[in-house]
Amino acid sequence: MFIKRSGIKEMSKTDRRIIRTKSEIKQAFFSLLSEKNFEAITVRDITERANINRGTFYLHYVDKYNLLEQYENEMLEKFNVIFDEANKLELNAHQFKNERLPIMIQILQVFYEEADFLRLILGPNGDPFFQEKIRQFFVKYFKNYLLNHINESQLKIPIELIIAFNSNALLGVITYWLQHDMQQSPEEIANMLVEIILKGPFEASGLRSIFENKERWT
């Protein structure tokens, strides 16, 4: 009985060491990304910044690309869980705002909680391919929703163009939000995005009424 408890205790110590070491590597990696481009970073840079030896690094990661891939996959899995739940909803356009808003807030909450990593990886020193991976998640989300709720033959604009517009706009707004210190809350940005998706930027921003008033007085 004593041996069993000791084994559990020892495993717990090992787990804590692994978590602590990976956290130190992560913080060192983030620190370096804030200073220079990913391609210029070496494993030696990371281990020296984390104050660990190279052998310790290779216990957890194959190389710097594997380190980056693991962090990116953690983020993508969080988005995947949210989108999987979102696609189970069967809603019409009138229900979209009330029911999809919480989904949008959840997505933005992930960006908010992981801002330190995402701001760097989506920035000029990060991984341009990761931005495309996130965009493809948005493409998949919009495509699943639209194809399940509309007759494509009724559209005035090709569905692929609509999906491209919405997915790029969504990613663009989120990237801007991240790079400008997230001055709005996830809830505020989510409300704005849903309004833009439903009404289009011209109507949602109030530009339509501004231009209509100008035309009326000219």
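These legends accompany close-up views of a predicted model. Local features need pLDDT of at least 70, side-chain atom pairs count only at pLDDT 80 or more, and totals for chains, interfaces and linings use all residues. Residues are numbered from 1 along each chain as its sequence is written, and side-chain values use heavy atoms, with hydrogens and water left out.

View A. Helix α2 spans residues 43-50. Helices here are DSSP runs (H or I, at least four residues), numbered from the N terminus. The buried residues of α2 are Val43, Ile46, Thr47 and Ala50. Buried means under 20% relative accessible area, exposed means over 50%, and partly exposed lies in between (1.4 Å probe, protein chains only).

View B. Asn51 is exposed, with a relative accessible area of 69%.

**View C. Packing of helices α8 and α9.** Helix α8 covers residues 159-179, and helix α9 covers residues 186-199. They pack at an angle of about 155°, and their axes are 11 Å apart. Axes are lines fitted to C-alpha atoms, for helices over the stretch in contact, and angles run from 0 to 180 degrees between N-to-C directions. The two helices are therefore roughly antiparallel to each other. That term applies to angles over 145 degrees; under 35 counts as roughly parallel, 65 to 115 as roughly perpendicular, and the rest as oblique. The crossing of α8 and α9 is right-handed, meaning that the near helix is turned clockwise from the far one by less than a right angle.

**View D. Residues where α8 meets α9.** From α8 come Asn166, Leu170, Val173 and Trp177. They meet Pro186, Ile189, Leu193 and Ile197 of α9. By class, this contact has seven nonpolar, one polar and no charged residues. Ala, Val, Leu, Ile, Met, Phe, Trp, Tyr, Cys and Pro count as nonpolar, Asp, Glu, Lys and Arg as charged, and the others, Gly among them, as polar. Contact means heavy atoms within 4.5 Å.

**View E. Met182, between α8 and α9.** Met182 is found in the loop between these helices. It is not a glycine, yet its phi is positive, at about 45°. At 13% relative accessibility, Met182 counts as buried.

View F. Arg135 lies in α7, residues 128-149. Arg135 is buried, with a relative accessible area of 17%. Not counting residues up to four places away in sequence, Arg135 touches Ser167, Asn168 and Leu171. Phe137 also belongs to α7. Phe137 counts as buried at 15% relative accessibility. Beyond its neighbours within four places in sequence, Phe137 is in contact with Leu76, Phe79, Asn80 and Phe83. Phe137 and Phe83 are 54 residues apart in sequence and 8.1 Å apart in space, C-alpha to C-alpha.

**View G. Arg208 in helix α11.** Arg208 is placed in α11, residues 207-216. Arg208 is partly exposed, with a relative accessible area of 36%. Leaving aside neighbours within four places in sequence, Arg208 is in contact with Phe202 and Glu203.
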